[in-house]
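Here is a short tour of a protein structure for someone new to reading them. Keep the 3D view open and follow along strand by strand.

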Protein chains: 2
Amino acid sequence: MAKQESSQKKKIADDLPTVLVLGPHSVVEAYEKQFSEKFHFLKPWESSIPLHQFLSTHAGSVQAGFFSAVRRITSDILNNLPELRFIMTTSVGLDHIDLHECKRRGIKVANVGTIFSEDVADMAVGLLIDVLRRVSAANRFVKDGLWHQQGDYPLGHKLGGKRVGIVGMGRIGLDVAKRLNAFGCIISYTSRNKKPHVTFPFFPDIQELAANCEILVICCALTDQTHHMINKRVMLALGNGGIIVNLARGAIINEKELVDCLLKGEIAGAGLDVFENEPDVPEEFFQLDNVVMTPHHAVMTEESLRDLYELVVRNLDAFFSNKPLMFEVV
Amino acid sequence: MAKQESSQKKKIADDLPTVLVLGPHSVVEAYEKQFSEKFHFLKPWESSIPLHQFLSTHAGSVQAGFFSAVRRITSDILNNLPELRFIMTTSVGLDHIDLHECKRRGIKVANVGTIFSEDVADMAVGLLIDVLRRVSAANRFVKDGLWHQQGDYPLGHKLGGKRVGIVGMGRIGLDVAKRLNAFGCIISYTSRNKKPHVTFPFFPDIQELAANCEILVICCALTDQTHHMINKRVMLALGNGGIIVNLARGAIINEKELVDCLLKGEIAGAGLDVFENEPDVPEEFFQLDNVVMTPHHAVMTEESLRDLYELVVRNLDAFFSNKPLMFEVV
C-alpha cells in the first residue's frame with residue numbers, strides 16, 4: 001500500500017513541470033507541501049552530488065529556475081543549463097544575476113516587483129525611529145534592570161522636521177517618503193534621473209543631497225555606479241548629527257569608512273539591515289548603541305512570504321502555459 | 001572681587017520671581033543657567049531640610065510652582081503653600097495633581113498641552129514596528145554574533161492592513177492615527193465620547209474595540225474610569241495575535257494580567273513605555289523578546305525639551321505679569 005502510494009506520488013511528480021531551485025529559501029520551506037502539488041522542485045542542496053554535476057545531470061529537463069538572491073547566477077552556471085528559459089528570483093535587486101547573459105540567451109527574468117516594498121519601507125521607519133529615539137538601547141537598559149539603578153535614560157531626537165534624503169526613488173523610496181511625510185519630515189531625493197511625477201526636491205548629486213539632509217535612507221539598486229557611493233566624503237557632508245539607514249545592499253556603503261565615521265562620531269548613528277559580507281558584520285558595531293542592525297530582515301514578513309508564494313506559483317504557471325509574466329525585467 | 005560678584009548675584013536672585021520646583025526634571029538641569037537669569041528657583045531636593053519644613057519656610061514667598069509628574073500634589077502639600085496661585089506641570093497627564101482642590105483654592109494649573117504629542121506618537125509607531133518586526137530582538141541577535149551561527153532570523157509581521165484601535169482620541173491619538181494611516185493600517189478608536197471631527201469608526205466599549213482589532217495603542221488619560229481598563233477580558237478579546245502599545249500611564253493596564261496573558265501566549269506582544277510602579281518593571285518581561293520596553297521615555301526628545309523650556313518660561317512670565325497662560329487646564 002505504502003509502496004503503491006509512493007509510486008503514484010512519483011508518477012505525479014514526474015508529470016509536474018520541473019523547476020530548479022537554487023539556494024534554500026524560506027518560501028520553499030514554508031510552502032513545501034503546496035509547491036509540491038504543482039511543481040517538481042529540484043533542490044541541489046539536498047543532494048550529495050556537487051552542484052555542477054547536479055546541474056549537468058538535470059540540464060535537459062530544466063526550463064525554469066527559482067533562484068534566491070544568495071547565489072550569483074553567472075554565465076558559468078547558465079552554461080550548465082542550456083534549456084533554461086525563465087528565472088524567477090526571490091528578490092527585488094538583480095545584482096546577483098548576469099542579466100546581459102540572460103538576455104543574450106533568451107532567458108526571461110522576473111523579480112518580486114513591489115510585493116516587499118511596504119515591508120522594507122516599514123522597516124526603514126522602524127530602524128530610523130529606533131536610532132533616533134534609542135529604542136533598542138533603552139529596551140536593553142530596562143531589561144538589564146538599569147532603570148532602577150541609574151534613573152533617567154538619555155533623551156533621543158525628534159523625527160518631525162528632520163530633513164531626510166531618499167537615495168533611490170523607486171517603489172520603496174516612494175513608500176518611505178509617504179510614511180516619513182506623515183511624521184513631518186522634509187523629504188528630498190536623488191535617483192539616476194529626476195522623476196517627473198515626484199514633487200520632492202531632487203538633487204542629482206549624492207554629496208549635495210547629504211549636505212542638505214540630516215538623514216539618508218538608502219533604497220537604490222546596487223550597480224557599478226552605486227557601489228561604495230556612500231563613502232567618507234558623503235558621510236562628512238551629512239555631518240555629525242547625521243543618520244544613515246540602509247535597506248538596499250551592503251556594498252552601496254563603504255563599510256570600512258562607515259565604521260571609521262561612527263567610531264569618530266563623524267556621523268551620529270546608523271540603522272543597517274544589509275552588510276557588505278553578510279552574515280559577517282563589522283564587530284566594531286556590536287558595542288555601539290547608536291548602530292541598530294537587523295539580519296537582512298527588512299524585506300519580508302509572514303504576510304509577504306505568502307504573497308511571494310502566490311507570485312511564484314502564478315509566474316511559474318504563466319511561464320509553463322506561455323502566458324504573460326508579472327514583474328518581468330528581462 | 002569674588003565676594004562682591006556673589007553678593008551682586010544674590011541681590012539679582014532676590015529680585016527675580018520665586019518659583020518652587022517640586023521634583024528634579026531634565027529641563028531644570030539642561031536649562032539651569034537660562035532659568036536662573038529669569039527666576040529664582042527653590043529646589044527642595046538640594047536642601048537638607050525635610051520637605052514639609054522647607055515648604056513652611058518658604059510658604060509666604062511661593063506663588064508659582066513648577067511641578068514634575070513624579071510627585072503627587074495632594075491637599076497636604078497645598079496646605080503648606082497658602083500663597084500658591086499657579087502650577088505649571090511638566091506632563092500632559094494630570095492624574096498626579098488634586099485638580100479639585102486646586103480649583104477650590106483658586107490655583108491655576110497649566111500642562112504642556114500638545115508639545116510632546118508628536119514625540120509620543122512617533123514612539124508609539126517605533127514600539128509597534130519594533131514588536132511586529134522584532135527590531136530590538138534582531139539587533140541583539142546580530143550583536144551577539146548569532147547571525148553567522150544560526151542563519152535566518154524568524155520573520156515578523158506586516159504593519160499594513162492591521163486593524164489598530166486607538167484608546168483615547170486626543171491630540172496624541174490623532175497623531176498616532178495620522179502616522180499609522182500612512183502605513184495602510186485600518187484605524188478605529190474609543191474615547192469618552194465620539195469625536196464629531198474624527199471620521200474613524202468609534203466603539204464606545206473597549207472590549208468591542210479590542211474584538212475588532214489586532215493592535216491597541218493606549219493614549220488616554222489615567223482616571224478612575226481608565227484605571228485597569230485594559231484587563232484580561234480585553235486582552236482575550238484582542239486575541240493571541242494581538243499587540244498592545246502603552247504610552248499613557250502604566251495603571252491603565254492591569255499589569256499582572258498582562259504578564260499572565262503574555263506568558264500564556266494569549267496576546268502576541270507588547271510595546272511598553274509606562275508601568276504601574278515605575279521604575280519597577282515586572283521581571284517576567286525581561287526574558288520576553290516580544291515585549292519591548294522603554295523607560296517612560298516616549299514623551300520627550302532633546303528638541304521637545306527645548307520646547308518645554310520655552311513654554312515654562314513663557315507661562316511663568318505670563319503668570320507673573322497677569323497675562324493669559326498657554327494650555328491652562330484649571
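In this predicted model, A:Leu22 sits opposite A:Phe67, a residue of strand S3 of chain A.

**The five-stranded sheet of chain A**

- Strand S1 (residues 18-22) and strand S3 (residues 64-67) of chain A run parallel and are joined by four bridges.
- Together with their partners they belong to an open sheet of five strands in chain A, and its order is S2-S1-S3-S4-S5. The pairing in this sheet is parallel.
- Which strands form the edges? They are strand S2 (40-42) and strand S5 (108-110) of chain A, each of which pairs on one side only.
- On average, neighbouring strands of this sheet are turned by 25° against each other, with direction ignored.
- Look next for helix H14 (residues 302-320) of chain A, which packs on the sheet and touches S1, S2, S3, S4 (86-89) and S5 of chain A. The direction of helix H14 makes about 175° with that of S4(A).

**Strand S8 of chain A and its partners**

- Is strand S8 (residues 215-218) of chain A covered on one face or on both faces? Both are covered: A:Ile215 and A:Val217 are buried on one side, and A:Leu216 and A:Ile218 are buried on the other.
- Strand S6 (residues 163-167) of chain A runs parallel to S8(A), and four bridges join them. Here A:Ile166 has A:Val217 as its bridge partner.
- S8(A) also pairs with strand S9 (residues 243-246) of chain A, again in the parallel sense and over four bridges. In this pairing, A:Val217 stands opposite A:Val245.
- Follow the chain from S8(A) through helix H12 (residues 232-238) of chain A to S9(A), and you trace a right-handed β-α-β unit.

**A threonine in chain B**

- B:Thr89 lies in strand S4 (residues 86-89) of chain B.
- Why does B:Thr89 count as buried? Its relative accessible area is 0%, and buried means under 20%.
- Which residues is B:Thr89 in contact with, leaving aside neighbours within four places in sequence? They are B:Phe67, B:Leu94, B:His96, B:Ile97, B:Ala110, B:Asn111 and B:Val112.
- With B:His96, the side chain of B:Thr89 also makes a side-chain polar contact of 3.1 Å.

How values were computed:
Residues are numbered from 1 along each chain as its sequence is written. Chains are lettered from A and ligands numbered from 1 in the order in which they are written. This is a predicted model: local features need pLDDT of at least 70, side-chain atom pairs count only at pLDDT 80 or more; totals for chains, interfaces and linings use all residues. Side-chain values use heavy atoms; hydrogens and water are left out. Helices (H or I, at least four residues) and strands (E, at least two) are DSSP runs, numbered from the N terminus. Buried means under 20% relative accessible area, exposed over 50%, partly exposed in between (1.4 Å probe, protein chains only). A polar contact is a pair of N or O atoms within 3.5 Å; within protein, one must be able to donate a hydrogen and the other to accept it, and residues adjacent in sequence count only if both atoms are side-chain atoms. Contact means heavy atoms within 4.5 Å. Two strands pair if DSSP finds at least two bridges between them. Axes are lines fitted to C-alpha atoms, for helices over the stretch in contact, and angles run from 0 to 180 degrees between N-to-C directions. A crossover is right-handed if, with the strands pointing away from the viewer, the path from the first strand over the helix to the second runs clockwise.
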